[in-house]
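Hi,

Here is the structure I promised to pass on.

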Amino acid sequence: MDENDASERSDDQAVISMATSSTFIVPAIVADTSDDAGERFLEFFAATIRNANTRSAYMRAVEHFLGWRGVAGLASLGDIRPLHIAAYIEECQGLFSAPTVKLRLAGLRSLFDWLVRTGVMASNPTTSVRGPSHDVQRGKTPILAADEAKRLIASIPADTPVGLRDRALIALMTYSFARVSAATGMNVEDLIQTAGRSWVRLHEKRGKVHELPVHHKLLDHLDAYLAVAGHRDQPKAPLFRSAKGRSGALSNGRLSRHDAYAMVRRRAVAAGIVAKIGNHSFRGTGITTFLLNEGTLELAQEMANHSSPRTTKLYDSRRDGITQDAIERIRIE
């Protein structure tokens with residue numbers, strides 16, 4: 001069931017509200033550091049981080065560290081030393097995956113760097129601490145074969161506005177390599193008609209705006225969805241709207257990425273897809289299919305809006321077939 005008031009901007013609103021609330025109590029170790037430490041602490045989350053997902057992850061990292069027993073007895077942030085950070089990271093490696101530990105260290109490093117620059121702390125205790133090694137050569141996101149993706153899209157009933165929405169959203173993530181946050185963050189005006197061609201405008205990480213042409217099959221799904229949903233003439237309205245319970249009808253609210261994930265899981269199970277796919281699977285499916293059909297890695301990188309071709313390669317599952325073929329050459333009779 002979708003939440004009608006869910007929005008990708010909810011984290012921003014919550015942090016800004018937190019930063020302006022006179023009743024919010026910052027952690028004692030922060031408040032006891034200096035008169036303005038609490039304000040600078042809130043500024044870091046509310047003013048310096050624009051991506052809601054990054055903000056949430058960094059907030060969790062800082063909350064976990066400041067609640068850790070190794071710093072519980074310290075009087076102020078100035079008492080935190082590199083040894084505390086190193087011990088914390090060492091303990092985290094026994095609890096979390098390497099990427100999670102690296103993310104937590106990045107959150108602490110960014111916070112303390114901000115507090116040094118604003119005069120709250122004299123030095124950054126994370127500077128000399130190294131995180132765990134993590135060299136990824138291959139992504140872990142489950143990726144569908146082209147026929148599986150086709151079967152999934154075709155299996156979605158098109159007799160309700162919600163069904164048409166789900167089909168259009170999955171097609172968008174597959175044919176445009178769109179991240180789910182960018183897809184659910186689209187408004188109707190982000191479907192652009194110019195010189196007889198259709199384009200999608202995606203608002204990506206760090207404020208980047210990414211535009212690319214619409215695949216003809218995607219255009220069919222979007223047109224069918226908007227014809228029934230009835231908000232094509234509302235340019236500022238969310239393109240993908242949340243559902244009204246299980247009625248099959250749509251609300252005026254924006255579909256959240258969390259509800260999009262739940263939808264994908266339901267649709268995958270109903271279509272008989274065994275792999276535990278998620279929103280990101282369609283990005284990988286689109287990239288792999290593009291490369292299998294003689295698309296270049298350079299163009300796939302541009303279409304996916306990746307800053308590095310190494311990131312694009314993580315979504316390329318063409319090596320799966322090559323690896324299997326090579327293994328089968330080990331013939332022991």
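Keep in mind that this is a predicted model. I'll start with the sheet. It is an open one of 3 strands, in the order E1-E2-E3, and the pairing is antiparallel. Strand E1 (191–194) and strand E3 (209–213) sit at the edges with a single partner strand each, so one side of each has no neighbour in the sheet. On average, neighbouring strands here are turned by 30 degrees against each other, ignoring direction.

If you zoom in on E2 and E3, you'll find that 5 bridges join these antiparallel strands. Val 200 is a handy place to look, as Leu 212 in E3 stands opposite this residue.

Now for the cores. The largest nonpolar core is made of 39 residues, and the ones with the most contacts inside it are Leu 169, Ile 170, Tyr 225, Phe 240, Ile 277 and Phe 282. At least two residues each come from helix H7 (146–155), helix H8 (161–175), helix H9 (180–184), strand E2 (197–203), helix H10 (216–229) and helix H11 (257–270). H8 contributes the most to this core, with 8 residues.

Leaving out residues up to four places away in sequence, Phe 282 touches Leu 144, Leu 152, Ile 170, Met 173, Thr 174, Val 264 and Ile 277. There is also a second, separate core, which has 31 residues, including Ile 49, Leu 77, Ile 85 and Val 120.

Cheers

Note on methods. Residues are numbered from 1 along each chain as its sequence is written. This is a predicted model: local features need pLDDT of at least 70, side-chain atom pairs count only at pLDDT 80 or more; totals for chains, interfaces and linings use all residues. Side-chain values use heavy atoms; hydrogens and water are left out. A nonpolar core is a set of buried Ala, Val, Leu, Ile, Met, Phe, Trp, Tyr and Cys residues joined through side-chain atoms within 4.5 Å. Buried means under 20% relative accessible area, exposed over 50%, partly exposed in between (1.4 Å probe, protein chains only). Helices (H or I, at least four residues) and strands (E, at least two) are DSSP runs, numbered from the N terminus. Contact means heavy atoms within 4.5 Å. Two strands pair if DSSP finds at least two bridges between them. Axes are lines fitted to C-alpha atoms, for helices over the stretch in contact, and angles run from 0 to 180 degrees between N-to-C directions.
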